[in-house]
Amino acid sequence: MKLERGGPWIESGGPESDVVVSSRARLARNLAGFPFVSQASGDQCREILRLVKSLDLADSPMQWLDVVELEPPERELLVERHLVSRNFIEADTPRGVLIGDGERLSVMVNEEDHLRMQVLLPGCDLGEAWRKAAEVDRTLERNVDLAVHPRWGYLTACPTNVGTAIRFSVMVHLPALRMTNEIERLRRAANALDLAVRGFYGEGSESAGDFYQVSNQITLGVTDGDLLGRFIETVVPRIVEYERMARRMMLERSRMQLEDRIHRSLGLLESARLLGVEEAMKHLSRIRLGVSMGLLERPRLSTVQRLFLDVQPGHMRLNHPDLQTHNGSSDPAKANDEAIRTHRAELVRKALSS
């Protein structure tokens with residue numbers, strides 16, 4: 001498996017990038033004449049794979065990965081880069097993924113629906129993400145018959161996706177709201193607006209590094225234009241302003257405590273010899289906050305963004321093949337865990353000092 005060096009969600013640019021890390025437009029589509037994946041036979045799933053692989057969905061070439069043939073660290077890497085879902089790599093049905101445009105475009109085949117297409121861009125750029133996703137969707141509709149109802153719209157395996165079957169979402173970094181205990185208030189406000197606030201890896205996951213995914217919950221009875229306009233004009237500006245207000249409040253009321261937290265995190269990561277992934281994410285989050293607020297002159301934001309990805313378990317194992325060996329230890333699992341934590345600490349120290 002060969003992928004790009006990173007992926008759009010770790011790029012440090014884009015509009016409102018101090019708060020909005022990435023924007024995503026995702027479409028669920030099913031082919032007419034086939035059962036949903038949960039009811040399809042192995043032969044039917046393989047035929048869906050064959051049909052999708054034969055299509056040219058984008059202007060540029062796309063890489064095809066047969067998930068069943070990938071090694072566990074390679075599958076984990078796809079999840080960590082937000083190219084596929086956790087449920088997708090853990091399923092036992094014939095399945096694959098198309099990846100293109102520098103990992104900005106990915107198409108899961110035989111996840112919950114026959115196709116889950118997503119465009120992922122850095123910063124707050126939902127309009128462009130939707131434009132690219134719509135292009136792929138139009139290409140798909142020209143080449144295959146999709147399951148569409150004249151009244152209900154696109155038919156999907158989960159009823160909550162019926163209708164436009166589109167989900168807009170933003171990955172946001174909200175350390176100040178968490179530090180000021182305002183995250184639950186944000187969740188309540190989001191719920192009132194029919195939005196879902198999820199963790200780092202989406203549905204069923206917890207927040208890591210103070211990252212949250214915010215997406216629409218309703219797709220029936222609304223147009224894609226209405227959903228997009230609501231996100232661009234109301235949802236994202238409110239979230240960005242809430243977080244920035246919390247940052248300003250901490251500067252005004254407890255600047256010394258805030259700077260102390262940020263510099264302690266930097267000092268710990270510069271000297272740690274053993275480092276777990278949750279601990280790394282926690283302290284990298286504080287450093288990202290410090291860089292974004294101008295409270296730290298180093299490291300560069302691009303370095304911090306890169307580390308958020310490199311410290312993940314799948315990336316650690318894939319980038320360091322020696323982590324698969326245990327040197328004859330009587331407790332291989334413990335030895336391997338300590339080796340990973342050692343390598344992670346070394347990787348972070350080198351990155352922050354370079």
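This is a predicted model: local features need pLDDT of at least 70, side-chain atom pairs count only at pLDDT 80 or more; totals for chains, interfaces and linings use all residues.

Q: Why is strand 5 described as largely enclosed?
A: A residue is buried under 20% relative accessible area, exposed over 50% and partly exposed in between (1.4 Å probe, protein chains only). Eight of the eight residues of strand 5 (residues 115-122) are buried, so strand 5 is largely enclosed by the rest of the structure. Leu115, Met117, Val119 and Leu121 point one way, Arg116, Gln118, Leu120 and Pro122 point the other way, and all are buried. The strand itself is a DSSP run (E, at least two residues), as a helix is one of H or I with at least four, both numbered from the N terminus.

Q: What makes strand 1 and strand 5 a pair?
A: Two strands pair if DSSP finds at least two bridges between them. Strand 1 (residues 20-29) and strand 5 have eight bridges, in the antiparallel sense. Arg29 has Leu115 as its bridge partner in strand 5, and Leu27 stands opposite Met117.

Q: Which strand pairs with strand 5 over five bridges?
A: Strand 4 (residues 105-109) does, in the antiparallel sense. Met108 has Arg116 as its bridge partner in strand 5. Five residues lie between the strands of this hairpin, where Asn110 takes a positive phi near 70°.

Q: Why is strand 1 also described as largely enclosed?
A: 10 of the 10 residues of strand 1 are buried, so strand 1 is largely enclosed by the rest of the structure. Strand 1 also pairs with strand 8 in the antiparallel sense, over seven bridges.

Q: How do you know that Phe168 and Phe231 form a tilted pair?
A: Rings of Phe, Tyr and Trp (its six-membered ring) pair if their centres lie within 6.5 Å; planes under 30 degrees apart count as stacked, over 60 as edge-to-face and the rest as tilted. Phe168 and Phe231 are 6.3 Å apart, centre to centre, with 50° between the planes, and form a tilted pair. Phe168 lies in strand 8 (residues 166-173) and Phe231 in helix 7 (residues 224-271), so the pair ties together parts that are 63 residues apart in sequence.

Q: Why is the pair of Phe211 and Phe308 called edge-to-face?
A: The ring centres of Phe211 and Phe308 are 4.9 Å apart and the planes stand at 80°, so the pair is edge-to-face. Phe211 is in strand 10 (residues 211-216) and Phe308 in helix 9 (residues 301-310), 97 residues apart.

Q: What makes Phe211 a buried residue?
A: Phe211 has a relative accessible area of 0% and is therefore buried. Phe308 is likewise buried, with a relative accessible area of 0%.

Q: How do you know that Arg29 lies over the face of Tyr154?
A: A charge sits over a ring if NZ of Lys or CZ of Arg is within 6 Å of the ring centre and within 35 degrees of the ring normal. Arg29 lies over the face of Tyr154, at 3.5 Å from the ring centre.

Conventions. Residues are numbered from 1 along each chain as its sequence is written. Side-chain values use heavy atoms; hydrogens and water are left out.
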